[in-house]
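Me: Can you walk me through this one? I have the sequence and the model open and will ask as I go.

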Amino acid sequence: MNLFEKYGPIAARNSISQFCPPRCFELAGRQFDFVIDTGKETGDIHLDLVDRDHLSWSILGGKQCGEADRYEVRKADDYTYLLTYCVKEPRANHTFIIDEEQGLVTFLRCSVGENPYYPYLIDSHWGFGYIKIEGEEHTDRRRHGFTDDVVGTGVRWVYGHTMSTTHVYHNSNWYRIQYVARQAGTSGISSMMGSLPGSDEPADYVKIKEGMYIVSATEQNMEKILGAKMGFRSDTLLFLDNWKRMYSVGRGYGTMTREGSPDGEIFCMIGKYASQPEIEEHMFTDPNPYLV
């Protein structure tokens, strides 16, 4: 019996989740209070992780609150967690990077429907702060924050045994992507993207600590130009990249549309490993077709 032939197609169906690590339950039963004092999403945040699946949340100093019947946690190292869940009304995704090593936290709220011209477009709203500990004063003024450390980096990310992509971080606010030739399941996507002026999409880069960065990219240009032709509507991808170990955990969020079917929510967890590609220099220097 050839195990690769037997299980390979099954594993490939997991797509970008194939190499995702198992769910982490270390935070279940805990409560967190965050002070978000930097960025656009300032205000106190409270999370109550009731059990392994359910949590209640309050953000913006209590101006918005709710419950989630599913949340996901993955670890980037021994002390750093990616926690994420979805909000049904108005539609949004909340993602936290909980950095217990430094006592810091990053909050990203990705909202759907704020742009009146493109109802599926996703916008990103960032906040940075610290983990509040009862009876302790947080005196460290440092926060996670935006960075250009990653600019000039090109990396091939391997998501599964038949799928990988090359990311080119050529600008502090943009990235480019190339689908590796002959990878299963990517030919249709690559063909669609070939009709775009370029693969450039808005991106944010955040430094968490030495050797660990957030890369967050949202397919806004693809949505504006291709719309329903792609089916994946303005997907936003957040990766917590650990360069000391050359792997990454992340989440994907967006909307799936098919003719004759109701809209479906995209919410998936991602794992990937880094390898060094050969990248032509022009990928770092070509002009961005979406900017004057």
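Me: Which residue in S3 stands opposite His 46?
Reply: His 46 stands opposite Ser 58 in S3. This is a predicted model, where local features need pLDDT of at least 70 and side-chain atom pairs count only at pLDDT 80 or more, while totals for chains, interfaces and linings use all residues. Residues are numbered from 1 along each chain as its sequence is written, and side-chain values use heavy atoms, with hydrogens and water left out.

Me: How many bridges are there between S2 and S3, and in which sense do they pair?
Reply: Four bridges, antiparallel, between S2 (residues 43–49) and S3 (residues 55–59). Strands pair if DSSP finds at least two bridges between them. The elements are DSSP runs numbered from the N terminus: helices are H or I with at least four residues, strands are E with at least two.

Me: What is the strand order in the open sheet of nine?
Reply: The order is S4-S3-S2-S1-S9-S8-S7-S6-S5, with antiparallel pairing. S4 and S5 (71–77) stand at the edges with a single partner strand each, so one side of each has no neighbour in the sheet. On average, neighbouring strands of this sheet are turned by 20° against each other, direction ignored. For such angles, axes are lines fitted to C-alpha atoms, for helices over the stretch in contact, and values run from 0 to 180 degrees between N-to-C directions.

Me: Switching to S13. Which strands does S13 pair with?
Reply: S13 (residues 174–179) runs antiparallel to S12 (residues 163–171), with five bridges, and antiparallel to S14 (residues 201–209), with two bridges. The hairpin from S12 to S13 goes through two residues.

Me: Pockets next. What lines the second largest pocket?
Reply: The lining includes Trp 57, Cys 65, Arg 70, Lys 88 and Phe 267. By class, the lining residues are six nonpolar, one polar and five charged. Here Ala, Val, Leu, Ile, Met, Phe, Trp, Tyr, Cys and Pro count as nonpolar, Asp, Glu, Lys and Arg as charged, and the others, Gly among them, as polar. S4 (64–68), S6 (80–87) and S18 (264–275) each supply at least two lining residues, and S4 gives the largest share, four residues.

Me: How much space lies in the second largest pocket?
Reply: About 230 Å³. A pocket is an open set of points on a 1 Å grid over the protein atoms alone, where a 1.4 Å probe fits, with protein on both sides within 12 Å along at least five of seven lines; lining residues have an atom within 4 Å of a point. Points are joined across faces, edges and corners, and the volume is the space filled by probe spheres set on them.

Me: Last topic, the backbone. Where is the cis peptide bond?
Reply: From Glu 89 to Pro 90, with omega near -10°. Pro 90 is in the loop between S6 and S7 (92–99).

Me: What is the phi of Ser 234, and is Ser 234 buried or exposed?
Reply: Ser 234 has a positive phi of about 55° although it is not a glycine. Ser 234 sits in S16 (residues 232–242) and counts as buried at 0% relative accessibility. Buried means under 20% relative accessible area, exposed over 50%, and partly exposed in between (1.4 Å probe, protein chains only).
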